[in-house]
Amino acid sequence: MKLPICLLTSFTFISSQIIPFNEHVVSAAEQKPVAFHVAKQSYHLHKSKRKMGMWKVVRKVKLNRTDLESTSSSNLTSEVNNSLSGEEKLSTMFEDKSNFLKKILSYEQQFSMNSYGGDTYLTRPVEYKKGSIPILISAPHATEHIRDGKVKSADIYTGSLALLLGELTNTHVVYSSRIADDPNYIKGGIYKDTLNKIVSENNIQYIIDLHGAASERTFDIDLGTINGKSMDSETVDKFTAAFKANNITDITVNGTFAAETEGTITNYSYNVLHKNSVQIEINKEYRNPRNDIDSYYSVLNSLVNIVNELQ
Ligand SMILES: [Zn+2]
């Protein structure tokens with residue numbers, strides 16, 4: 001049965017709180033015109049948010065009856081997102097810097113809680129977010145960690161970088177979720193066991209292990225490949241070129257952190273799992289979006305470019 005348009009409109013409005021299939025909430029950063037098969041679009045301000053003084057734009061998507069029956073809001077969202085490349089998605093996010101910062105902080109919150117001890121109620125100190133391409137991003141120092149009985153600081157914002165990279169490029173992501181023995185130092189342990197399982201179940205070919213170096217370090221980026229063993233020089237050159245293309249120019253290779261010792265993720269990935277791997281040390285000057293969101297964006301964009309190059 002075909003409902004009159006006015007009736008259908010009021011139906012979708014009244015039911016929008018109960019049945020979310022006809023409503024796609026978009027942030028200001030997402031409001032780029034995107035071509036897909038939506039018959040009509042209109043905008044209205046979400047009443048409850050308006051009352052709270054938080055004006056949020058809600059895009060009402062009106063579909064014909066067939067679309068309403070066959071399309072869920074999550075399908076619509078993924079259809080919009082899938083039409084954009086990782087670079088395009090990131091560029092769109094970056095159009096609204098304050099929203100972009102909010103997004104970064106919402107990802108970082110799980111690590112920064114308890115003064116970067118992470119979620120100390122979790123029984124497992126490692127979490128995994130599944131992807132769909134054979135590249136694994138690792139952030140073992142997203143929270144504080146314990147080395148030789150001493151608490152070591154977190155590599156701040158490496159957790160949010162890893163998760164955002166996963167969202168933008170569909171890489172797999174593994175990361176520390178709370179304080180525990182240093183996964184990049186001890187031999188074996190639950191983090192490496194999880195890594196092993198992810199690699200074997202998903203035919204992972206590259207492992208990119210993200211770390212943070214102090215701002216006093218003289219490099220912007222240091223790439224550790226066990227002195228050339230865990231990644232061939234042609235691939236390393238692609239990493240270097242991507243950073244330079246994003247105006248991050250002081251790149252060293254096996255300069256300070258070569259990931260040589262047995263306990264590192266890179267060493268384990270290469271010597272035990274026999275996969276291409278690299279430890280990326282990112283200077284703190286490029287990691288703190290509260291101080292310098294442009295530099296954070298440059299690092300993230302470089303990583304998105306690298307993932308694309310590896311495919
Ligand atoms: Zn680290």
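Me: What makes I104, Y107, E108 and F111 in helix 6 meet residues of helix 7?
Reply: Two residues are in contact if their C-beta atoms, placed from the backbone, lie within 7 Å. In this predicted model, the four meet G159, S160, L163 and L164 in helix 7. The residues of this contact divide into 5 nonpolar, 2 polar and 1 charged (Ala, Val, Leu, Ile, Met, Phe, Trp, Tyr, Cys and Pro count as nonpolar, Asp, Glu, Lys and Arg as charged, the others, Gly among them, as polar). Numbering starts from 1 along each chain as its sequence is written. Local features need pLDDT of at least 70 and side-chain atom pairs 80 or more, while totals for chains, interfaces and linings use all residues.

Me: Why are helix 6 and helix 7 called oblique to each other?
Reply: The axes of helix 6 (residues 97-116) and helix 7 (residues 158-169) cross at roughly 125° and come within 8 Å. Angles under 35 degrees count as roughly parallel, over 145 as roughly antiparallel, 65 to 115 as roughly perpendicular and the rest as oblique. The pair is therefore oblique.

Me: What makes helix 7 oblique to helix 11?
Reply: Helix 7 and helix 11 (residues 293-310) pack at about 45°, with axes 10 Å apart. That angle makes helix 7 oblique to helix 11. Their contact has 9 nonpolar, 1 polar and no charged residues.

Me: Over which residues does pLDDT stay under 50?
Reply: pLDDT, the predictor's confidence in each residue from 0 to 100, stays under 50 over residues 1-77. Where pLDDT is low, the predicted coordinates should not be read in detail. The protein's mean pLDDT is 81.

Notes
Axes are lines fitted to C-alpha atoms, for helices over the stretch in contact, and angles run from 0 to 180 degrees between N-to-C directions. Helices (H or I, at least four residues) and strands (E, at least two) are DSSP runs, numbered from the N terminus.
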